[in-house]
Amino acid sequence: PQANQSMETFYTLPQNTVDLLIVGSSHVYTNFDPSVLWRENGVAAFALASSDQSMWNSYHYIREALKTQKPRLILLEGFYTACDPEVAADRQAVLASKSIFGMRPSPNKWEAIQASAPKGYLLDLLVEPLMYHNRYRDLTRVDFLPYLGDAAQYADWKGLFIFDHHRPDAVPAPVATVSRLPRQLTYYRKILQLCKDQGIPLLVMVAPYTGLTPAEAGRFAEAEAIAAEYGAGFINYNSSWEELGLDLETDIADWSHLNHWGSEKFSLAVAEYLADHYALPDRRTEADRYQSWERNAAYMAERRLHYELRETVALYDYLSLLASNPAWTVVFSLDGQYGGEDFDLRQALREEGFDLGQDTLTVAQHGQSLYRAGPGAALYHAELGSADLVIRQAPDAPTQLLLNRTPLQKVENGLNILVYSPFADTLVDSVGFDASGDGVAVR
């Protein structure tokens with residue numbers, strides 16, 4: 001479903017609201033966070049990207065975007081000015097579909113199909129069901145829901161797909177220097193000329209990735225010289241890892257993409273660069289017209305808190321984060337032999353503002369208890385947004401914490417915690433702290 005989400009969402013934006021149009025491959029939709037640009041400088045940006053987006057697809061994306069938007073600046077991610085591995089025809093067709101299928105029928109889309117289709121696949125890209133008609137075997141409930149079943153994220157989405165994993169083992173890059181098809185530069189020049197003809201400044205920016213080879217570095221230098229011919233800007237961040245504060249151990253999702261922490265750091269640098277070199281307007285004072293950017297920024301701020309909580313392992317740090325975010329719905333369950341001479345979990349809760357008294361179970365939100373129970377039998381049910389919470393407690397049996405029928409308790413003797421975000425309508429974390437342990441989270 002995500003293959004055409006970017007373009008389909010772009011069509012829903014009010015006309016002439018995008019001041020910064022960011023175009024390119026997955027290096028755009030994983031690395032450039034529009035919410036950071038909005039938070040820092042009030043820049044109304046949209047990441048209009050697709051997987052493995054070639055320069056010809058970027059060219060047609062820009063043409064499509066200019067039908068409804070008049071950006072003050074276009075930022076083209078430059079990875080494909082240097083790299084374009086040759087793949088089999090069937091794989092080429094799949095990659096092309098990820099750029100084309102979200103576009104509305106038009107002469108521009110037809111030209112994009114002609115530019116993208118490998119031999120024998122023109123009809124497949126023109127008549128889209130030919131590419132995915134067998135997918136009925138893989139259909140799930142999500143395929144039939146608005147916003148992919150995640151309205152909190154996608155209703156005001158601005159193009160960032162969040163990678164929340166770390167892959168330090170992905171360094172260095174798993175491939176050697178790859179080839180570059182000559183027509184990548186042909187369409188690169190078309191993009192440069194298009195922006196020049198439209199009077200729109202163009203900045204070519206290469207997002208950082210690991211394993212840059214000398215041959216690729218040389219091609220980027222060539223692309224920079226070509227950009228200069230058209231009066232366009234060019235910046236390559238591959239030599240700026242230390243300057244950006246990027247850490248290979250924590251900030252990359254794989255060899256060529258940043259994760260959520262990495263994209264935050266990189267986007268902060270981009271925001272600073274744009275503020276220093278371009279006069280993009282601050283739209284934060286235009287609340288009526290730019291509400292969706294503000295809501296997207298609020299959602300992304302919430303998601304960063306989720307990641308911070310999930311990566312917290314010390315008990316007191318964890319409880320402190322919960323105390324500072326009272327809007328979350330939190331379940332505390334003291335189970336089995338939870339108390340000890342050296343490690344009193346009930347006391348730890350009390351010290352951080354979560355006083356269970358003599359109870360062993362509580363559901364809390366906004367500093368208030370929604371439900372409390374002692375060590376005896378108890379049954380609790382609540383609808384948490386789109387999720388269904390059930391808690392079963394019985395004497396001499398482990399407490400069951402069930403969210404959508406999935407058991408989430410982690411320890412038999414200690415403290416189990418479940419955290420749900422009503423704002424994002426999602427499970428934030430489920431964690432346990434064993435009474436016999438040293439206050440380190442069990443996940």
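## Strand S3

Strand S3 is mostly covered, with 5 of its 5 residues buried; buried means under 20% relative accessible area, exposed over 50% and partly exposed in between, using a 1.4 Å probe and protein chains only. This is a predicted model, in which local features need pLDDT of at least 70 and side-chain atom pairs count only at pLDDT 80 or more, while totals for chains, interfaces and linings use all residues. Residues are numbered from 1 along each chain as its sequence is written, and side-chain values use heavy atoms, with hydrogens and water left out. Helices (H or I, at least four residues) and strands (E, at least two) are DSSP runs numbered from the N terminus.

In a regular strand the side chains alternate between the two faces of the sheet. From S3, Leu73, Leu75 and Glu77 point one way and Ile74 and Leu76 point the other way, and all are buried.

## The parallel sheet

S3 belongs to an open sheet of 5 strands in the order S2-S1-S3-S4-S5, with parallel pairing. S2 and S5 are the edge strands, each pairing on one side only. From one strand to the next the twist averages 20°. Two strands pair if DSSP finds at least two bridges between them.

Strand S1 (residues 20-24) and S3 run parallel and are joined by 4 bridges, and Val23 stands opposite Leu76 in S3. S3 and S4 also run parallel, joined by 4 bridges.

Helix H10 lies across S3, S4 and S5 and runs at about 145° to S4. H13 packs on the sheet and touches S1, S3, S4 and S5, with its direction making about 150° with that of S4. Axes are lines fitted to C-alpha atoms, for helices over the stretch in contact, and angles run from 0 to 180 degrees between N-to-C directions. Contact means heavy atoms within 4.5 Å.

H10 (residues 182-198) has 17 residues and reaches 25 Å from its first C-alpha to its last, close to the 24 Å expected at 1.5 Å a residue; the expected span is 1.5 Å times one less than the number of residues. Its buried residues are Gln184, Leu185, Tyr187, Tyr188, Ile191, Leu192, Leu194 and Cys195. The buried residues of H10 pack against helix H4 (55-65), S3, helix H6 (107-116), strand S4 (202-206), helix H11 (214-229) and strand S5 (233-236). Gly199 follows H10 and has a positive phi, near 70°.

## Helix pairs

The axes of H4 and H6 come within 10 Å and cross at roughly 175°. H4 and H6 are therefore roughly antiparallel to each other; angles under 35 degrees count as roughly parallel, over 145 as roughly antiparallel, 65 to 115 as roughly perpendicular and the rest as oblique. Trp56, Asn57, His60, Arg63 and Glu64 of H4 make the contact with Asn108, Glu111, Ala112, Ala115 and Ser116 of H6.

Helix H3 (residues 34-41) packs with helix H14 (residues 291-310) at an angle of about 110°, their axes 9 Å apart. H3 and H14 are therefore roughly perpendicular to each other. Ser35, Val36, Trp38 and Arg39 in H3 meet Trp293, Glu294, Asn296, Ala297, Met300 and Arg304 in H14. In H3 the buried residues are Pro34, Ser35, Val36, Leu37 and Trp38, and they pack against S1, strand S2 (45-49), helix H13 (260-277) and H14.

Asp156 is found in the loop between helix H9 (151-154) and H10. Asp156 counts as buried, at 13% relative accessibility. Not counting residues up to four places away in sequence, Asp156 touches Ser292, Arg295 and Asn296.

Thr362 lies in strand S9 (residues 361-365) and is buried, with a relative accessible area of 3%. Its side chain makes a polar contact with the side chain of Ser369 (3.4 Å) and reaches the backbone oxygen of Tyr371 at 3.2 Å. A polar contact is a pair of N or O atoms within 3.5 Å; within protein, one must be able to donate a hydrogen and the other to accept it, and residues adjacent in sequence count only if both atoms are side-chain atoms. Leaving aside neighbours within four places in sequence, Thr362 is in contact with Val330, Val331, Phe332, Leu356, Ser369, Tyr371 and Arg372.

## The antiparallel sheet

Another open sheet has 4 strands in the order S11-S12-S13-S14, with antiparallel pairing. Its edge strands are S11 (378-384) and S14 (406-407), each pairing on one side only. Strand S12 (residues 387-394) and strand S13 (residues 397-403) run antiparallel and are joined by 5 bridges. Ile391 stands opposite Leu401 in S13.
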